[in-house]
Amino acid sequence: MEESDCQEFICSNDDEALMEMINSKAKGGAKLSKEDPRLKFQYKGPLNGILLGRHTWPLLHSLTLRYPNKPTEDDKVRFNRFIHSFSWCYPCSHCATDFRKEIAETPPNLESRKALSLWLCDQHNRVNKKLGKPEFPCTYGKLIALYGSKVKNKNTIH
Ligand SMILES: Cc1cc2nc3c(=O)[nH]c(=O)nc-3n(C[C@H](O)[C@H](O)[C@H](O)COP(=O)(O)OP(=O)(O)OC[C@H]3O[C@@H](n4cnc5c(N)ncnc54)[C@H](O)[C@@H]3O)c2cc1C
C-alpha cells in the first residue's frame, strides 16, 4: 500500500491526529493546544522487560489484525517466517526461548486474520498466566476494538 493511500488512524503522524485522540479521551478537562509539550514525545530509555513487552504486544496484535482475511500461500509463508524470526530476535532472551517453545507446540494459525489474531491473543494469555496476570477475554470483537484498523476521523472499522 502506498503511504498516501492509508486512510487508517494508525497512519496518522501529525500532531492534529494525536491531539484528536487525546482530546477525545479527555473528559471535562482542558483541551490541549498544538504547542503543548506533552505532544512532543521523547524517548527516555533504556527499555526494561516490562516496557519492551508493553510496546511489543500492541505491534504484534496490530500486525495480526492486518493479516489478510483470505491469505495466499505467500502471505502465510511471510508471516510464518516473521513470527519465527521474531522468536529468535526478541531482545529478552528467556522470553524468546519460552516463546519459541510455545510456537513449536502451538504453531501460528495462518488460515485467516481472525484465526491468527485469536492465536496471538492465546499466546499473550499464556505469558499472562505464567506471570500471574489476569487472562484477557480473547474475542475477535475485543481485539478489533483495541488493535483493529480505525479509519481516520471516523468511528468505523473495516
Ligand atoms: C513474545 C513475548 C514474550 C514475553 N515473555 C515474557 C516472559 O517470559 N517473562 C516476562 O517477565 N515478560 C515477558 N514478556 C513481557 C510481558 O508479556 C509484558 O509485556 C510485561 O510484563 C508488561 O505487562 P503489562 O501488564 O503492562 O501488559 P502487557 O502484557 O504488556 O499487555 C499490554 C496490553 O495488552 C492488553 N492485553 C493483555 N493481554 C492481552 C491478550 N491476551 N491479548 C490481547 N491484548 C492483551 C492489555 O490491554 C494490556 O494492558 C513477553 C513479551 C512478549 C512480547
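In this predicted model, helices H3 and H4 pack with their axes 7 Å apart and at an angle of about 150 degrees. An angle over 145 degrees counts as roughly antiparallel, so H3 is roughly antiparallel to H4.

**Packing of H3 with H4**

- On the H3 side, the contact is formed by Ile-83, Ser-87 and Trp-88.
- These residues meet Ala-96, Phe-99, Arg-100 and Ile-103 of H4.
- The contact of H3 with H4 comprises five nonpolar residues, one polar residue and one charged residue.

**Packing of H2 with H5**

- Helix H2 covers residues 49–64 and helix H5 covers residues 113–130; their axes come within 8 Å and cross at roughly 160 degrees.
- Because of that angle, H2 is roughly antiparallel to H5.
- The crossing of H2 and H5 is right-handed.
- H2 contributes Trp-57, Leu-60, His-61 and Thr-64 to the contact, while H5 contributes Leu-116, Ser-117, Leu-120 and His-124.
- By class, the contact of H2 with H5 holds four nonpolar and four polar residues, and no charged ones.

**Surroundings of the ligand**

- The shell around the ligand consists of 21 residues, of which Gly-53, Thr-56, Cys-95, His-124 and Phe-136 come nearest.
- Two or more residues of the shell come from each of H2, H4 (93–105) and H5.
- H2 gives the most to the shell, with seven residues.
- Sorted by class, the shell has ten nonpolar, eight polar and three charged residues.

- Thr-64 is buried because 23 other C-beta atoms lie within 10 Å, and the cut-off for a buried residue is 20 or more.
- The C-alpha atoms of Thr-64 and Ala-115 are 9.1 Å apart, although the two residues are 51 apart in sequence.

**Ser-62 in H2**

- Ser-62 is also placed in helix H2.
- Ser-62 counts as partly exposed because 14 C-beta neighbours lie inside 10 Å, a count between the limits of 12 or fewer for exposed and 20 or more for buried.
- When neighbours within four places in sequence are left aside, the contacts of Ser-62 are with Ile-10 and Tyr-147.
- Ser-62 and Ser-149 are separated by 87 residues in sequence and by 8.3 Å in space, C-alpha to C-alpha.

**Two prolines in loops**

- Pro-68 sits in the loop between H2 and H3, the latter covering residues 73–89.
- With 13 other C-beta atoms within 10 Å, Pro-68 is partly exposed.
- Beyond neighbours within four places in sequence, Pro-68 is in contact with Asp-75 and Arg-113.
- From Pro-68 to Lys-114 the C-alpha distance is 9.1 Å, for a separation of 46 residues in sequence.
- Pro-46 is found in the loop between H1 (15–25) and H2.
- The peptide bond that joins Gly-45 to Pro-46 is cis, with omega near 0 degrees.

**The chain overall**

- The protein chain contains six helices and zero strands, and its elements from the N terminus on run α-α-α-α-α-α.
- Of its 158 residues, 8% count as buried.
- Among contacts between residues at least 6 apart in sequence, 51% join residues at least 24 apart.

Definitions and conventions. Residues numbered from 1 in each chain as written. Predicted model: local features only at pLDDT ≥ 70, side-chain atom pairs only at ≥ 80, totals over all residues. Axes fitted to C-alpha atoms, helices over the stretch in contact; angles between N-to-C directions. Helix = DSSP H or I, 4+ residues; strand = E, 2+ residues; numbered from the N terminus. Parallel < 35°, antiparallel > 145°, perpendicular 65-115°, else oblique. Left-handed = near helix turned anticlockwise from the far one by under 90°. Contact = placed C-beta atoms within 7 Å. Nonpolar A, V, L, I, M, F, W, Y, C, P; charged D, E, K, R; others polar. Near = placed C-beta within 6 Å.
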